[in-house]
Amino acid sequence: AHNILQEKKFEIQEMRVIHTGDTVMEARRSIADGATIIIARGLQASIIKQYTDTPVVEIVLTAQEMALLIMRAKQIAGKEKPVVAVVGFRNMFCDMSYFIELKTYFADQGAELPVVVRRAISEGADVVIGGDTAVSIATEAGVPSLFLSMTEDSMRQAFSMAENMEYAMNVEKKTAAQLETLLDYSYSGVIRLDGNGIITAVNPLMEDMIGKTESELKGQDIRK
């Protein structure tokens, strides 16, 4: 990350290595300190998305990074065509359908990960590629493993995605501010709805017309 920051001056508020068990606390602390976008990977990214409303950019391993890991796995296994098991969450990986020598084992939740790793081992994996949990369980079982290490490629992509996301968020904020100004100073009563006909905002004139405040009207179905 530091190398990439020398190439292009992204506005990175902070970079921290955290324990997965502290993810929610650490994410909320960053948000309280002013973070508007969080870049994370795997289980940590999933947890942050689940427990906060802050946009998360997920670091995804590139095809080149996966190819490097597979080459190392072959060297470790000492076989021409070893059974290489990739274990983790779908959000961590690129499209791997063209890697014919891989068997993929995906977990939907953190609690499922140990079960998925053990299944990969029981199905004859010569080498397990995964995160901390996968490497730990494989080591206990005496199966060679590789940590899902990445190069600068995936981090560079994540920074670029975060930059694009920030641009989109700023455009949306500007549009919303213009709309709020229009609502507040309009000479007509205005109700704003979402695609399902639910009231999301009303201007002061409409509040006077209906005789109810915006807080009373928000969330109501316009048809009622």
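Predicted model: local features only at pLDDT ≥ 70, side-chain atom pairs only at ≥ 80, totals over all residues.
Residues are numbered from 1 along each chain as its sequence is written, and side-chain values use heavy atoms, with hydrogens and water left out. Helices (DSSP H or I, at least four residues) and strands (E, at least two) are numbered from the N terminus.

**Largest pocket**

- The largest pocket holds about 1500 Å³ of space, where a pocket is an open set of points on a 1 Å grid over the protein atoms alone, at which a 1.4 Å probe fits, with protein on both sides within 12 Å along at least five of seven lines, and the volume is the space filled by probe spheres set on the points.
- Its lining (residues with an atom within 4 Å of a point) has 47 residues, of which R16, I39, A40, R41 and I59 lie nearest the centre.
- Helix 7 gives the largest share of this lining, 5 residues, and among the other elements that supply at least two residues each are helix 2 (23-32), strand 1 (38-40) and helix 3 (42-51).
- By class, the lining divides into 26 nonpolar, 12 polar and 9 charged residues, with Ala, Val, Leu, Ile, Met, Phe, Trp, Tyr, Cys and Pro as nonpolar, Asp, Glu, Lys and Arg as charged, and the others, Gly among them, as polar.

**Helix 6**

- In helix 6 (residues 132-140), A134, I137 and A138 are buried, that is, under 20% relative accessible area with a 1.4 Å probe and protein chains only, whereas exposed means over 50% and partly exposed in between.
- D132, T139 and E140 are exposed on the other side of helix 6.
- The buried residues of helix 6 pack against strand 3 (84-88), helix 5 (113-122), strand 5 (127-130) and strand 6 (145-147).

**Aromatic pair**

- The structure holds 1 aromatic pair, counted when ring centres of Phe, Tyr or Trp (its six-membered ring) lie within 6.5 Å, with planes under 30 degrees apart stacked, over 60 edge-to-face and the rest tilted.
- The ring centres of F93 and F106 are 5.8 Å apart and their planes are at 40°, so the pair is tilted.
- F93 is buried at 7% relative accessible area, whereas F106 is partly exposed at 23%.

**Residue S154**

- S154 is found in helix 7 (residues 152-185) and counts as buried at 1% relative accessibility.
- Leaving aside neighbours within four places in sequence, S154 is in contact (heavy atoms within 4.5 Å) with I59, V60, L61, T62 and E65.
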